[in-house]
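My entries follow the order in which I consulted them.

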Amino acid sequence: MARSKKLRIAIVGAGKVGSVLGKIFVQHGHTVTAVISRSVGSARAAGRFLRSPIASTALRDIPPGTAVVFIATPHDAIADVARGISRLDHLDFRSLAACHTSGIYSASVLDPLREKGATVFSFHPLQTFPRSFSPVRIVPHARGIFYGVDGPPSGVRMARLLARELGGNVIIIPPEKRVLYHAACVVASNHLTTVLWIVEQIFRRVRGDRAKVYEVFKPIVEATLSNIALSSTGEALSGPIARGGVETVARHFESLREFMPELLPYFVEMSLETLRIAETKRSMDRGTADAMRHLIVSYSPSPSTPQETP
Ligand SMILES: NC(=O)c1ccc[n+]([C@@H]2O[C@H](COP(=O)([O-])OP(=O)(O)OC[C@H]3O[C@@H](n4cnc5c(N)ncnc54)[C@H](OP(=O)(O)O)[C@@H]3O)[C@@H](O)[C@H]2O)c1
């Protein structure tokens, strides 16, 4: 399919992902032929947002001539939707591409469509689309992102074309490791949020008020991300664990034990992982690293034998 060809895209699942990516397609000159959702309210709202002539709850309203079916439903609905579309006699499956946006499922969930001759692939946007944000607010963050893809060669080719049309890139994920890949996405967004929530809890305990925590910590957070992007996690790591400052780390643990003992399990696990990074950059000698590990593990709620580096 030539790059300049404008696509006719039907979106199934009128939620955040469908609305946001649909909007970028429309902004790039493509047409949304139909928005199909579980409830008519969602379908109509997204239909207006995407200037779609059809907003419906029925898959049969996907019009003939649609080139791409973009399934952006929750992942447990994808198989049913794929089966439902595969029964539509008015679609020309040989010239139809179909994808879903789940990070967990591979392209094989679209087998009913592949068996009819459609080009299938998974197309997971590696970005966060928070439920409480309006699509308009999310659109800028959905440009220039990666899409986790698997599928037959024809599907991967189509995925590359769609990603390019969305201003993004494709990253191929082996189907058997897709759930592991999704776990990495969870760490990158959800766990990062949790880490910042812990910063918030500690800082509120320090100040005793509801100070604007993120404003205060934004420079250090952003500099850390920028340093990692410019070098690597190893090179960007600073602080007492990287320096082998056993005494400082001991004082942190003592302070946590006094003021926020509930955070000790978190602090133990994260400190052990931080020590693993420090060891890869060999910023301390073996004896200091072992002393650090013993100290950290001694604060574990259920002390276990520390694992020495082989
Ligand atoms: N949110 C994220 O950060 C994110 C990031 C990457 C990938 N994803 C994946 O992208 C997909 C969509 O996520 P989302 O955040 O956009 O979810 P969402 O906001 O909950 O939207 C899902 C939409 O699908 C509709 N739907 C549910 N069952 C359906 C069915 N059987 N037929 C047609 N429509 C149906 C819902 O319908 P009604 O509103 O009409 O009831 C809802 O509008 C999921 O697979 C998710 O895992 C999400």
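**Entry 1: a helix contact**

I looked up where helix α11 touches helix α13, and I found that Val246, Val249 and Ala250 in α11 meet Thr288, Ala291, Met292 and Leu295 in α13. Two residues are in contact if their C-beta atoms, placed from the backbone, lie within 7 Å. I note that helices (H or I, at least four residues) and strands (E, at least two) are DSSP runs, numbered from the N terminus.

By class, the residues of this contact divide into six nonpolar, one polar and no charged. Here Ala, Val, Leu, Ile, Met, Phe, Trp, Tyr, Cys and Pro count as nonpolar, Asp, Glu, Lys and Arg as charged, and the others, Gly among them, as polar.

I then checked the axes: those of α11 (residues 246-259) and α13 come within 10 Å and cross at roughly 10°. I therefore record α11 as roughly parallel to α13. Axes are lines fitted to C-alpha atoms, for helices over the stretch in contact, with angles from 0 to 180 degrees between N-to-C directions. Angles under 35 degrees count as roughly parallel, over 145 as roughly antiparallel, 65 to 115 as roughly perpendicular and the rest as oblique.

**Entry 2: the source**

I recorded that residues are numbered from 1 along each chain as its sequence is written. This is a predicted model, in which local features need pLDDT of at least 70 and side-chain atom pairs count only at pLDDT 80 or more, while totals for chains, interfaces and linings use all residues.

**Entry 3: strand β4**

I asked which residues of strand β4 (residues 68-71) are buried on each side. Val68 and Phe70 are buried on one side, and Val69 and Ile71 on the other. A residue is buried if 20 or more other C-beta atoms lie within 10 Å of its own, exposed if 12 or fewer, and partly exposed in between, with C-beta atoms placed from the backbone.

I found β4 paired in the parallel sense over four bridges with strand β1 (residues 8-12), where Ile9 stands opposite Val68. Strand β5 (residues 97-100) also pairs with β4 in the parallel sense over four bridges, and Ala98 in β5 is the bridge partner of Val69. Two strands pair if DSSP finds at least two bridges between them.

**Entry 4: two loop residues**

I looked up Arg51, in the loop between α2 (40-49) and β3 (55-56), and found a positive phi of about 55°. Arg282, in the loop between α12 (264-280) and α13 (286-298), has a positive phi near 50°. Most residues other than glycine have a negative phi.
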